[in-house]
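I opened the model to look up its sheet, some of its helices and a few single residues. My entries are in the order in which I made them.

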Amino acid sequence: MKGGSGAVRPMEGHGAYNRSSRVQAAGLVPAISLLQEAARSVPLPPAPQPLILADYGCSEGRNSIRPIAAAVAILRERTGPSRPISLVFTDLPENDFSALFQTLAEDPESIARSDSQVFACAIGRSYFEQLIPAETLSLGWSSWSVQWLSRVPAKIPDQVQAAYSRDEAARVAFAAQAADDWRAFLSRRATELRPGGQLVVLTMASDERGFGYEPLVRAMYEALEAMVAERFLHARELHAMVIPTVGRSRADFLAPFGSKGEFCGLALGELQIFEGEDRIWNDYERDRNAEAFGAEWARFSRASVFPSLASALESGGAPRSAEFFNRLEAGLAMRLAREPQRMAIPLARMAFSRTAT
């Protein structure tokens, strides 16, 4: 549940996402090979035109290091060591860009640290806008990001995640917003990509079983309801809390492309929906430590979705927000530890190319 560049994704900051993103790190691995394939085949602009690689929804950078380094390594085989390469990292203005640049400067695997001809910059705007000049981008990458919506389309009366709501109107509103946002994301990237440029996306999905994460989402809502019973939360605050993410189905991903397989000049080369690795469950199977299992999933949730929930708090400022984070983390960890279950983590990996003009 990494945050991306939607208009509704606050972050806790201070490196919290970097410290709590093991699930995301495991999930993106199958998409790295697609990015490497794209780096091998993408047409390179003639010098001195810039060679640009963009990461859409970089967050604090920890999960960008490996895929970006893998892509640049292949580009280097094609360009030699002296060709300048521009890395553009994008996310919302409130993203913790200080943590991003610290990661780029200090992580031993950072290509920006080891290659003097790699130049990194950041753009603090939503990727539902055009971020890069038209027809200048060679290679785009986005992981754990485009599941975030550009806005909250409706309240969810009986849940915080629309996928598990019984309210049909809420589910319909979220599905419609997800369809609009997917088209917006793709059309902006189509404008930015050079002819022949390529885009690789890894994101949450829905498979034949649905959205996934069900034990986590149920336990989170129970913990929130308990906070209402304890009179820490007002009922109206809970009813305003939403996790504005979606898991699109195969049909949802394909919908913009129609029968011709093309949308705004983008052609879909590959789409695979697969089951992501639950590293937290793997740890539990090895050591049978239920408390650690609950604590790990609670930390994951705190970094990725608690900030969205906290935006519904009406009063108390930073002290109440901090207490909300701590109470919800503890309540969620306790509930998950009672009966550890493997999380279903349906993901999609996709590769697109910009048709020649």
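The entries below go from the sheet to the helices and then to single residues.

**Ground rules.** I am working with a predicted model, in which local features need pLDDT of at least 70 and side-chain atom pairs count only at pLDDT 80 or more, while totals for chains, interfaces and linings use all residues. Residues are numbered from 1 along each chain as its sequence is written, and side-chain values use heavy atoms, with hydrogens and water left out.

**The sheet.** I looked up the strand order. Helices (H or I, at least four residues) and strands (E, at least two) are DSSP runs, numbered from the N terminus. Eight strands make an open sheet with mixed pairing, in the order E3-E2-E1-E4-E5-E8-E7-E6. I noted that two strands pair if DSSP finds at least two bridges between them. Strand E3 (118–124) and strand E6 (262–263) are the edges, as each pairs on one side only.

I then checked two pairings. Strand E2 (residues 85–91) runs parallel to E3, with seven bridges; Asp91 has Gly124 of E3 as its bridge partner.

Is E5 enclosed or open? Buried means under 20% relative accessible area, exposed over 50%, and partly exposed in between (1.4 Å probe, protein chains only). Eleven of the twelve residues of E5 are buried, so the rest of the structure largely encloses this strand.

**Helices on the sheet.** I looked up helix H4 (residues 97–106), which lies across E2 and E3 and runs at about 170° to E3. Axes are lines fitted to C-alpha atoms, for helices over the stretch in contact, and angles run from 0 to 180 degrees between N-to-C directions. The buried residues of H4 are Phe97, Ala99, Leu100, Thr103 and Leu104. Down the axis of H4 these fall within an arc of 155°, so they line one face of the helix. The arc is that of the directions from the helix axis to the C-beta atoms.

**H11 and H13.** I compared two helices with their expected span, which is 1.5 Å times one less than the number of residues. Helix H11 (residues 290–304) has 15 residues and reaches 21 Å from first C-alpha to last, close to the 21 Å expected. H13 has 22 residues and should span 32 Å, and its end C-alpha atoms are 32 Å apart, which agrees. At the start of H11, a side-chain oxygen of Asn289 comes to within 3.2 Å of the backbone nitrogen of Glu291.

Among the buried residues of H13 are Arg320, Phe324 and Phe325. Their cover includes helix H7 (214–229), helix H8 (235–240), H11 and helix H12 (306–310).

Arg320 sits in helix H13 (residues 317–338) and is buried at 12% relative accessible area. Contact means heavy atoms within 4.5 Å. Not counting residues up to four places away in sequence, Arg320 touches Phe232, Leu233, His234, Glu237, Leu313, Glu314 and Ser315.

Arg76 is in helix H3 (residues 65–79) and counts as buried at 14%. What does the side chain of Arg76 reach at 2.9 Å? It is the backbone oxygen of Arg83. The side chain of Arg76 also makes a polar contact with that of Asp115 (2.7 Å). A polar contact is a pair of N or O atoms within 3.5 Å; within protein, one must be able to donate a hydrogen and the other to accept it, and residues adjacent in sequence count only if both atoms are side-chain atoms.

**Loops.** Tyr127 is in the loop between E3 and E4, buried at 0%. Its side chain reaches the backbone nitrogen of Val146 at 3.4 Å.

Tyr213 has phi of about 60° and lies in the loop between E5 and H7; Tyr213 is buried, at 0%. Arg231 has phi near 65° and lies in the loop between H7 and H8; Arg231 is exposed, at 78%.
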